[in-house]
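Me: Got a structure here I'd like to go through with you. Can you take my questions as they come?
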Amino acid sequence: MADQAAVTGRLRVLVVDDEPGMCRGVARALERFAVPEPDLGLTVSFSVAQAASGEEALAMMAQGLPDLLLLDHKLPGISGIEVLERLPAGEHDLQTIMITAYASLETAVTAIKRGAYDFLPKPFTPDELRAVVRKAAHAVVLARQARQLAAEKRQVRFQFISVLGHELKAPLGAIEGYLRIMRDRAAGSELAAYDEAVARSLVRADQMRKLIEDLLQLTRIESGQRARTLAPTDAMAVLRAAAETVQPDAQARGISVTLAGPVTLPVLADATELEIIANNLLTNAVKYNRDGGTVTATLASAAPGLTLTVADTGIGMTAEETARLFGEFVRMRNAKTKHILGSGLGLSIVKKLAELNGGSVTVASTPDAGTTVTVALALPAAG
Amino acid sequence: MMSEAKAKRHQGTLLVADDDDDYRLQLVLQLQREGFRVLEADSAQAAEALLQRETIDLAIVDVVMENWDSGFTLCYHIKQKNPRTPVIMVTAVSSETGIDIDAATDEERSWVKADVLFAKPVRFEQLLNQIEHFLHG
């Protein structure tokens with residue numbers, strides 16, 4: 001992964017001690033030392049720099065912080081504690097190990113308060129040094145990884161909001177355009193001349209509302225804010241209700257909707273979640289179908305839970321489009337979908353709900369032949 | 001309110017080719033109010049079909065329709081049929097993708113067959129001025 005490459009396996013260590021022998025000893029002890037981090041897929045090694053005083057150390061750190069600071073408390077000029085206090089503020093993963101000849105509790109408490117990570121009482125053996133360094137290095141690597149994940153999350157969030165902004169601006173712009181035309185009587189004084197403008201404004205407003213509703217739904221599901229109630233539910237009844245909901249749209253375009261499955265399929269589930277899944281799949285199957293096509297929804301019990309398979313005879317997708325399908329706001333924009341309105345969040349919602357129920361969503365599609373979506377849910381059977 | 005006499009002051013047949021239904025409808029309503037006869041096409045293909053049986057005085061063409069360069073091809077065909085037909089191209093490309101299409105130099109203009117290129121959103125008055133300039137200027 002690209003992210004892992006950024007987590008360097010080599011940590012910079014700065015030893016601050018006025019005894020040259022001590023600095024050399026540390027450098028030697030860490031020279032060929034390696035700490036495996038199997039969870040992160042790397043081995044940490046160390047490069048050691050030395051400073052003989054607090055002042056020298058601060059001057060060096062002004063050029064760039066090390067990852068580990070081995071800091072003697074008793075130094076000729078400013079003390080180790082003062083060095084800690086003068087470290088530049090800001091986001092960094094630096095961990096400090098205080099080296100003390102006379103380990104008093106007071107020094108220890110002060111140093112921890114100033115942000116030191118650990119202690120090493122003098123005199124110490126190379127093994128004792130490596131044990132402390134291993135622990136601190138682990139902390140550095142973990143902190144760095146956490147920071148990278150946070151940055152990636154921020155980036156994803158930024159992209160989501162940018163796309164959302166654009167998706168909301170487009171219908172708003174269209175509605176504003178129509179309102180201006182009406183304000184300026186730009187189509188003349190006959191009221192009927194504005195019928196299409198009014199109708200289109202309503203369609204675009206409806207699209208905006210749907211987007212906002214889907215967005216709220218997705219946010220509630222993602223944040224775990226939506227209260228889930230697991231109760232005995234007949235999944236087949238839920239599917240029948242969803243089929244009735246899409247019936248008017250299907251009928252208007254001569255699309256037949258067929259259901260297959262047992263008479264009842266009792267499961268322990270959150271009924272609303274099942275409804276959202278069934279509605280989304282059936283709506284898509286009608287929306288992206290051809291006129292006069294068919295939609296076949298098959299419900300079957302599985303061990304454990306159920307599978308819902310919805311197949312349409314619609315425009316279908318290429319392999320490349322199918323691969324992108326679960327991204328948020330991904331609506332296949334091409335000549336075939338130009339006149340189909342959608343929020344682009346429906347399948348994201350279905351996927352989140354399936355995952356919440358220990359399940360998965362799979363899609364098989366052939367361009368100009370149709371798409372089959374299968375949702376598997378791991379639900380306990382209800383008595 | 002605008003007087004009818006002032007409103008219906010234009011003549012001529014314009015082609016509006018744009019796959020954005022709302023943008024096209026708004027433009028058509030405003031151009032009709034100005035007195036123009038307006039032919040609508042929601043794709044370059046539909047526009048080509050119209051050109052087979054109609055003669056136009058000016059075309060307003062969106063760059064990105066079926067393909068990212070549909071408008072350029074359509075423009076080329078309009079000029080092929082009659083090099084003197086003015087073509088105004090409009091595009092949301094720069095505002096949406098940050099890609100700039102600028103026909104500033106003679107060489108660029110010779111490559112892009114359009115007479116002028118506007119970035120969406122275009123103010124109607126600006127567009128109308130340009131149309132008037134091409135038809136009467």
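Me: Take contacts in chain A between residues at least 6 apart in sequence. What share join residues at least 24 apart?
Reply: 69% of them do. Bear in mind that this is a predicted model.

Me: What is the mean pLDDT of chain A, then?
Reply: It is 86. Of the residues in chain A, 93% reach 70 or more.

Me: Where in chain A is the pLDDT below 50?
Reply: Over residues 1-6. Beyond near neighbours in sequence, that stretch has five contacts in the model. Where pLDDT is low, predicted coordinates should not be read in detail.

Me: How many helices and strands in chain A?
Reply: 11 helices and 13 strands. The chain has 383 residues, and 29% of them count as buried.

Me: Switching to helix packing. How do H8 and H9 of chain A cross?
Reply: H8(A) covers residues 235-252 and H9(A) covers residues 271-287. Their axes come within 9 Å and cross at roughly 35°. The crossing is right-handed.

Me: Which residues make that contact?
Reply: H8(A) contributes residues including Val238(A), Leu239(A), Ala242(A) and Val246(A). From H9(A), Leu274(A), Ala278(A) and Leu282(A) are among them. By class, the contact has 12 nonpolar, three polar and two charged residues.

Me: Now the largest nonpolar core. Which members touch the most others?
Reply: Ala17(B), Ala59(B) and Met89(B), out of 38 residues.

Me: Which elements give two or more residues to this core?
Reply: From chain A, H6 does. From chain B, the list is strands E1, E3 and E4 plus helices H2, H3 and H4. H2(B) gives the largest share, six residues.

Me: Back to Ala17(B). What does it touch, not counting residues up to four places away in sequence?
Reply: Ala41(B), Ala44(B), Ala47(B), Ala59(B), Val61(B), Asp62(B) and Leu74(B).

Me: Last topic, the contact between the chains. How many residues from each?
Reply: Chain A gives 14 residues and chain B gives 12. On the chain A side, helix H6 (126-183) and helix H7 (195-223) are the elements that give two or more.

Me: What's the class make-up on the chain A side?
Reply: Seven nonpolar, two polar and five charged residues.

Conventions
Residues are numbered from 1 along each chain as its sequence is written. Chains are lettered from A and ligands numbered from 1 in the order in which they are written. This is a predicted model: local features need pLDDT of at least 70, side-chain atom pairs count only at pLDDT 80 or more; totals for chains, interfaces and linings use all residues. Two residues are in contact if their C-beta atoms, placed from the backbone, lie within 7 Å. Helices (H or I, at least four residues) and strands (E, at least two) are DSSP runs, numbered from the N terminus. Ala, Val, Leu, Ile, Met, Phe, Trp, Tyr, Cys and Pro count as nonpolar, Asp, Glu, Lys and Arg as charged, and the others, Gly among them, as polar. pLDDT is the predictor's confidence in each residue, from 0 to 100. Axes are lines fitted to C-alpha atoms, for helices over the stretch in contact, and angles run from 0 to 180 degrees between N-to-C directions. A crossing is left-handed if the near helix is turned anticlockwise from the far one by less than a right angle, and right-handed if clockwise. A nonpolar core is a set of buried Ala, Val, Leu, Ile, Met, Phe, Trp, Tyr and Cys residues joined through C-beta atoms within 7 Å. A residue is buried if 20 or more other C-beta atoms lie within 10 Å of its own, exposed if 12 or fewer, and partly exposed in between; C-beta atoms are placed from the backbone.
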